[in-house]
Amino acid sequence: MAVVRPFKGFRYNKAVVGDFNRVVTQPYDKTTPSMQHAYYQRSPYNVVRITLNLEKRGDPKTGYPDAGFVFRQWVEQKVLAQDSLPAIYAYYQEYAAEGSTRLQKGFIALLELENSGSGIIPHEHTLAAPKQDRLQLMRSIEGNEDLIYMLYSDDMPAVNNTLDGSISGREPEIEVTDEYGVLHRLWAIVDPEAIRGIQDAMRPQKLFIADGHHRFETSVNFMRECEQRHWQPIGVESFDKRMVACFNITG
């Protein structure tokens, strides 16, 4: 069972950061030291300052205080602005493979960790050190700085049809091309009927973790840690959920 929720995401404020291509990166575990340096040089607002802050070079066991400070400062200064309405975000990737252009359709939402646990299927073993590293970052920023890449199978395909209908004729809120030539586009879907349609179609699904095993387990560990402190979830965007990207492998 996959219980997904719309949420009010924090997104880069184009009026402040300018070109979105200068502020995005590859996932933290794909970022080499030379890539990290290049990302720092591209923009003072590049997300690497949160996902893989240079403080880790000086202290491999860092608690990421600078990353936490940067994140809170960017929110205060409206570098990152929170959407006013809860949304499920259509996320389309266009890339070249085997001599042709391919389009992968997905969406970004919050996944309920407690209710969806039995429906999550991993495929690799995880290591203690990366999980501890991501836990330190999560404690510092108290948020999700990166996506977990998940796959599901729907022959219909109900979700993709809803996504296509919801974004038809609209310009994307975000459009970037990464260093590998992949075009990433994102639209906020706020229509309640479309959101319910996506939620209903996903409820019986099982999700396969394609990338982000350490981040997923860390999110569960962080939730347990918060529960042990007797914290209570406040609102939708809280520690009992995790930001994920879901893609249909058959559509």
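1. Lys14 is placed over the face of Phe20, 4.7 Å from the ring centre. Arg134 is likewise set over the face of Tyr28, at 3.7 Å from the ring centre. A charge is taken to sit over a ring if NZ of Lys or CZ of Arg is within 6 Å of the ring centre and within 35 degrees of the ring normal.

2. On the basis of the note: this is a predicted model, in which local features need pLDDT of at least 70 and side-chain atom pairs count only at pLDDT 80 or more, while totals for chains, interfaces and linings use all residues. Residues are numbered from 1 along each chain as its sequence is written, and side-chain values use heavy atoms, with hydrogens and water left out.

3. Of the elements, α7 gives the most, with four residues. Helices (H or I, at least four residues) and strands (E, at least two) are DSSP runs numbered from the N terminus.

4. Two bridges join it in parallel to strand β6 (residues 120–121), with Leu207 in β10 as the bridge partner of Ile120. Three bridges join β10 to strand β7 (residues 148–152), and these two run antiparallel; Ile209 in β10 is the partner of Met150. Strands count as paired if DSSP finds at least two bridges between them.

5. The structure holds six aromatic pairs. In one of them, Tyr45 and Trp74 have ring centres 6.1 Å apart and planes at 70 degrees, so the pair is edge-to-face. Rings of Phe, Tyr and Trp (its six-membered ring) pair if their centres lie within 6.5 Å; planes under 30 degrees apart are stacked, over 60 edge-to-face and the rest tilted. The two residues are 29 apart in the chain, with Tyr45 in the loop between α2 (33–42) and α3 (48–51) and Trp74 in helix α5 (residues 65–76). Tyr45 is partly exposed, at 23% relative accessible area, whereas Trp74 is buried, at 3%. The cut-offs are under 20% relative accessible area for buried and over 50% for exposed, with partly exposed in between (1.4 Å probe, protein chains only). Tyr12, Tyr45 and Trp74 form one aromatic cluster.

6. Tyr92 and Trp187 form an edge-to-face pair, at 5.3 Å centre to centre and 70 degrees between the planes. Because Tyr92 lies in strand β4 (residues 88–97) and Trp187 in strand β9 (residues 183–189), the pair ties together parts that are 95 residues apart in sequence. Tyr92 is buried, at 3% relative accessibility, and Trp187 is buried with a relative accessible area of 3%.

7. Seven of the ten residues of β4 are buried, so this strand is largely enclosed by the rest of the structure. Seven bridges join β4 to β9 in antiparallel fashion, with Tyr91 opposite Leu186. Nine bridges join β4 to strand β5 (residues 100–112), also antiparallel, and Gln93 stands opposite Gln104 there.

8. Most residues other than glycine have a negative phi, and most peptide bonds are trans. Glu98, in the turn of the β4–β5 hairpin, has a positive phi of about 55 degrees and is exposed, with a relative accessible area of 75%. Lys78 has a positive phi near 65 degrees and belongs to the loop between α5 and β3 (80–82). The peptide bond from Met156 to Pro157 is cis, with omega near -15 degrees; Pro157 is in the loop between β7 and α8.
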